[in-house]
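This briefing reviews a single protein model with its ligand.

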Amino acid sequence: MSETHSPAGPFSSLRLDERLRDTRLFVAQALRTFHATGSVVPSSGALARAMAEYVRRRPDPDRPLRILEAGAGTGAISRGIAAEMLPGDTLDLVEANPEFAAHVEGLLKTDAVLSRVGDSARVHAKLVNDMGTDRSYDVIVSGLPFANFTADAVREILDYYFEVLEPGGTLSFYGYLYTKEVKAVIARREDYLRQVRTSWLVQEWIDRYGIGSERVFANIPPAWVHHLRKPEKTS
Ligand SMILES: C[S@@+](CC[C@H](N)C(=O)[O-])C[C@H]1O[C@@H](n2cnc3c(N)ncnc32)[C@H](O)[C@@H]1O
């Protein structure tokens, strides 16, 4: 499945000063810690909408969803999720960078889209796999920059997601287009090889559990969004 999204949705309500404020904070943190931040600007509305696909496409409109977003950053994708949430849904927003976590905490009170789910959302300022396994989710949306991590670190995170995901639940994540090709030209050899090993690992998971992928060109940089489903229990 492949489809292209155009800019839309939750961002049309974002004022220019709010957009600039988010972008300034994002750029400052990206300069400080590019390894964990993984990008220089927040995701676009089009990418946020694509990442929220399985909140929108809920299997049963009468059953609330438990949603986890990993790597909320300045709330770009959180807005896309919030725009699709229905009463009763809950959202755990996990963000390892305390500056971003505090920013998103504030947005839950002040932002036009996020404040609508302020009572059903909770910010956790920690690494996602430190969240523990005492809760489970129907939908996980991950903005973590896998391409910057080792294959072992990504395996640990994907194992964690599938441990806390309900059978039949979905995981959506993204990666940037052409990063391998760009790294082949500009990165040090060991960094390029690390990224190749990570992308093989990610591709294995997509091959095993993938239910759809789409390209989103209206983002800097353009991105691939992948959706995976945890198999239903077999008796
Ligand atoms: C590429 S940015 C995405 C931010 C935002 N979701 C967006 O799309 O604009 C990745 C975010 O993941 C956070 N992060 C990185 N590793 C993490 C981890 N293990 N657990 C939780 N957050 C993490 C970073 O601090 C950063 O905010």
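Arg58 and Asp89 are both buried in this predicted model. Their side chains form a salt bridge, with an N to O distance of 2.6 Å. The pair joins distant parts of the chain, 31 residues apart: Arg58 belongs to the loop between α4 (53-56) and β1 (66-70), and Asp89 to the loop between α5 and β2 (90-94).

**Further salt bridges**

- The structure contains 17 salt bridges.
- One of them connects the side chains of Arg79 and Asp22 at 3.1 Å, N to O. The partners come from distant parts of the chain, with Arg79 in helix α5 and Asp22 in helix α1 (residues 16-32), 57 residues apart.
- Arg79 counts as buried because its relative accessibility is 1%. Asp22 is likewise buried, at a relative accessible area of 4%.
- Another salt bridge brings together the side chains of Arg63 and Asp138, at 3.6 Å from N to O. This pair also links distant parts of the chain: Arg63 lies in the loop between α4 and β1, Asp138 in strand β4 (residues 137-142), and 75 residues separate them.
- Arg63 has a relative accessibility of 40% and therefore counts as partly exposed, whereas Asp138 is buried, with a relative accessible area of 8%.
- A network of salt bridges links Arg49, Glu53, Arg56, Arg57 and Glu84.

**Helix α5**

- Helix α5 is largely enclosed by the rest of the structure, because eight of its nine residues are buried.
- The buried residues of α5 are Ala76, Ile77, Ser78, Arg79, Gly80, Ile81, Ala82 and Glu84. Among them, Arg79 takes part in the salt bridge with Asp22, and Glu84 belongs to the salt-bridge network.

**Surroundings of the ligand**

- An oxygen atom of the ligand lies 2.6 Å from a polar side-chain atom of Glu95.
- Val128 contributes a polar backbone atom, which is 2.9 Å from a nitrogen atom of the ligand.
- An N or O atom in the side chain of Tyr174 is 3.2 Å from an oxygen atom of the ligand.
- The protein buries 97% of the 590 Å² that the ligand exposes when taken alone.

**Surface features**

- A nonpolar patch on the surface is formed by Tyr178, Val182, Val185, Ile186 and Phe217, with about 560 Å² of accessible area together.
- Val185 counts as exposed because its relative accessibility is 70%.
- Glu156 is part of helix α7 (residues 151-164) and is exposed, with a relative accessible area of 51%. The exposed class applies here because the cut-off is over 50%.
- The C-alpha atoms of Glu156 and Asn129 are 8.0 Å apart in space, while the two residues are 27 residues apart in sequence.

How values were computed
Residues are numbered from 1 along each chain as its sequence is written. This is a predicted model: local features need pLDDT of at least 70, side-chain atom pairs count only at pLDDT 80 or more; totals for chains, interfaces and linings use all residues. Side-chain values use heavy atoms; hydrogens and water are left out. A polar contact is a pair of N or O atoms within 3.5 Å; within protein, one must be able to donate a hydrogen and the other to accept it, and residues adjacent in sequence count only if both atoms are side-chain atoms. Accessible areas come from the Shrake-Rupley method with a 1.4 Å probe; for residues, only the protein chains shown count as cover. Patches are made of residues with over 30% relative accessible area and no salt bridge: like charges are joined within 9 Å, nonpolar side chains (Val, Leu, Ile, Met, Phe, Trp, Tyr) within 5 Å. A salt bridge is a side-chain nitrogen of Lys or Arg within 4 Å of a carboxyl oxygen of Asp or Glu. Buried means under 20% relative accessible area, exposed over 50%, partly exposed in between (1.4 Å probe, protein chains only). Helices (H or I, at least four residues) and strands (E, at least two) are DSSP runs, numbered from the N terminus.
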